[in-house]
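I opened this notebook to record what I looked up in one structure. The entries follow in the order in which I made them.

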Amino acid sequence: VPPLRSSPEPERVAAAAELLVKAKRPVMMCGIGVHCSGAYHEVRELAEFLTIPVVTNPGGKGCFPENHPLYVGVTSGYGSEYANEFVRQGDLVFFVATSAGAHTTEDLTAPEPGAAKVIHLDIDPVAIGRNYKADVPLIGDAKVTLQKLLATLKNRLAKPAPKQARIKEIARAIKGFEAIVGPMKASNAVPVWPQRIMKEITQFLGPRDIITSDTGQTLCWTCRMVKLKGTGRRY
């Protein structure tokens with residue numbers, strides 16, 4: 001799955017590579033299509049090759065290792081505000097296999113339309129341009145398209161040194177969030193705080209376990225605070 005994999009025009013792949021190389025603060029926002037395509041390895045390889053921070057929307061949660069130093073968190077009202085802010089501060093947002101709808105971009109504020117360059121990869125051409133004008137549209141399967149993008153980048157330049165300042169920026173954002181919620185996770189209050197429940201679930205889960213979540217307030221807690229221990233589990 002999928003049985004047939006389409007890919008965009010080579011000139012568009014080259015244009016996307018050009019934007020990624022020039023960007024100072026790129027961010028990848030990954031959606032549920034990464035799961036559908038099985039593009040886990042490609043997303044991680046691209047992120048590591050160019051030191052690109054990765055956020056997911058709720059549907060994309062689990063497509064990137066949540067203990068990885070380049071993983072920021074989940075965007076949207078269900079996600080964490082620091083993850084939304086990380087997207088807002090980017091000079092290039094690479095939408096990967098997501099429709100980039102209002103629900104997952106915090107009512108079209110993460111990013112603000114026109115505030116950053118946009119590369120939009122999706123298998124559905126109707127999704128591209130619906131909410132954000134794409135500087136480079138990439139219509140195709142996520143796995144194949146990212147493979148071609150990586151090949152183009154590797155032909156163009158040697159693997160750059162990791163951008164340690166960017167990695168430290170992610171760590172500071174997460175540390176600031178954990179400083180707030182840490183005492184709540186450790187609380188012995190009765191009734192039990194939701195933050196404590198999320199901590200206990202995270203500790204109990206294995207990499208192949210399945211967790212299901214209702215929408216509404218429950219989704220807010222699980223999106224933000226349950227840390228999945230492997231990739232490939234659709235949330």
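I began with the lining of the largest pocket, which by class holds eight nonpolar, eight polar and two charged residues. I note that the model is a predicted one.

I looked up the volume of the largest pocket and found about 240 Å³. The lining comprises 18 residues, of which Ile32, Gly33, Ala97, Asp122 and Ile123 are the closest to the centre of the pocket.

**Entry 3, contributing elements.** Which element gives the most to the lining of the largest pocket? I found that helix 2 does, with three residues. Helix 2 spans 33–37, and strand 5 spans 117–122; each of them supplies at least two residues of the lining.

I then turned to lysine 148, which I located in helix 5, residues 142–156. Is lysine 148 buried, exposed or partly exposed? Its relative accessible area is 39%, so I recorded lysine 148 as partly exposed, since that class lies between the limits of 20% and 50%.

I set aside the neighbours within four places in sequence and found lysine 148 in contact with Ser7 and Val13. With serine 7 there is also a polar contact, made side chain to side chain at 3.0 Å.

Finally, I checked lysine 148 against tyrosine 82. The two are 66 residues apart in sequence, and their C-alpha atoms are 31 Å apart in space.

Conventions. Residues are numbered from 1 along each chain as its sequence is written. This is a predicted model: local features need pLDDT of at least 70, side-chain atom pairs count only at pLDDT 80 or more; totals for chains, interfaces and linings use all residues. Side-chain values use heavy atoms; hydrogens and water are left out. Helices (H or I, at least four residues) and strands (E, at least two) are DSSP runs, numbered from the N terminus. Buried means under 20% relative accessible area, exposed over 50%, partly exposed in between (1.4 Å probe, protein chains only). Contact means heavy atoms within 4.5 Å. A polar contact is a pair of N or O atoms within 3.5 Å; within protein, one must be able to donate a hydrogen and the other to accept it, and residues adjacent in sequence count only if both atoms are side-chain atoms. On a 1 Å grid over the protein atoms alone, a cavity is a set of points where a 1.4 Å probe fits but cannot get out, and a pocket is an open set with protein on both sides within 12 Å along at least five of seven lines; lining residues have an atom within 4 Å of a point. Grid points are joined across faces, edges and corners, and a volume is the space filled by probe spheres set on the points. Ala, Val, Leu, Ile, Met, Phe, Trp, Tyr, Cys and Pro count as nonpolar, Asp, Glu, Lys and Arg as charged, and the others, Gly among them, as polar.
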